[in-house]
Amino acid sequence: MASPGIDPADLTARARIRDAALLHFGEHGFDRATIRGIAETAGVSSGLVRHHFGSKQALREACDAHLASVIRRLNDQVRSDYTTSRVNHVAGARAAMAPYQRYMARALAEGSATALFDVMVELSEQWLAEADAARPDPPGVDRHTRAAVITAMALSVPVLHEHLSRAIGVEVFSPDGDLLLARTLIDIYSHAMLSTEDAAKILAALPEPRNT
């Protein structure tokens, strides 16, 4: 799970343990993954795993923190070069996150990765802030709620990857599946399903939200 171009032997023991944990948690789930198995994959002793992380739960939190850092970095890179660079950083970001898809799917299905989800909501709010500035109509729902729903919708793909792969006829985690998914999402998001007039009519028929 090392980044492209990096020799796994050059990684620190702590990083090797973390990457091995990402692999084991993704393949076996948190409960079935073992410190011994993670240590063997990382090429270290079980004692060294405990020395660096203390417990399996702390190791999972370190995995989440690492992914949050990766996502923040990639998001900053895409935002800074989105309109000024010929380099396709969006594609680069998708490729960089590909090795972590199974871990994220497992962690989310197990109800963990809370900090990771919150980071993605925060970053979604940044993109929505720019989109809202160009909207012809004011948003009917607060930005944080919309960002949370968008994040949940995006993360449903790795969680439901088996069903989605079966439905579209290609493994979503494969290069061909990822490309098909990207093309599909671009097509969906670039064409509104509702006009602003239709949306207004539907909203008018809904009951007013209750203050809780």
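Visitor: How much of the protein chain counts as buried?
Guide: Of its 212 residues, 32% count as buried, meaning under 20% relative accessible area with a 1.4 Å probe, protein chains only. This is a predicted model, where local features need pLDDT of at least 70, side-chain atom pairs count only at pLDDT 80 or more, and totals for chains, interfaces and linings use all residues. Residues are numbered from 1 along each chain as its sequence is written, and side-chain values use heavy atoms, with hydrogens and water left out.

Visitor: Thanks! How many helices and strands are there?
Guide: The protein chain has eleven helices and zero strands. These are DSSP runs numbered from the N terminus: H or I of at least four residues for helices, E of at least two for strands.

Visitor: Okay, and the largest nonpolar core, how many residues has it?
Guide: That core has 33 residues, and those with the most contacts inside it are Ile17, Phe25, Leu59, Tyr103 and Met104. A nonpolar core here is a set of buried Ala, Val, Leu, Ile, Met, Phe, Trp, Tyr and Cys residues joined through side-chain atoms within 4.5 Å.

Visitor: Which helix gives the most to this core?
Guide: Helix α4 does, with eight residues. At least two residues each come from α1 (13-28), α2 (35-42), α3 (46-53), α4, α6 (101-109) and α7 (114-133).

Visitor: What does Phe25 contact, neighbours within four places in sequence aside?
Guide: Its partners include Phe30, Ala33, Ile38, Lys56, Leu59 and Tyr103. Contact means heavy atoms within 4.5 Å.

Visitor: Is Lys56 buried or exposed?
Guide: Lys56 is buried, yet it has no salt bridge. A salt bridge would need a side-chain nitrogen of Lys or Arg within 4 Å of a carboxyl oxygen of Asp or Glu. The nearest side chain of opposite charge is that of Asp31, 5.4 Å away; Lys and Arg count as positive, Asp and Glu as negative, with His and the chain ends not counted.

Visitor: So what does the side chain of Lys56 reach?
Guide: It reaches the backbone oxygen of Asp31, at 3.5 Å. Not counting residues up to four places away in sequence, Lys56 touches Phe25, Phe30, Asp31, Ala33 and Ile35.

Visitor: Switching to Asn75: why does it count as buried?
Guide: Because its relative accessibility is 10%. Asn75 is also in helix α4, and beyond its neighbours within four places in sequence it contacts Leu123, Gln126 and Trp127.

Notes. Buried < 20%, exposed > 50% of the residue type's maximum accessible area, 1.4 Å probe, protein only. Polar contact = N/O pair within 3.5 Å; in protein donor to acceptor, adjacent residues only side chain to side chain.
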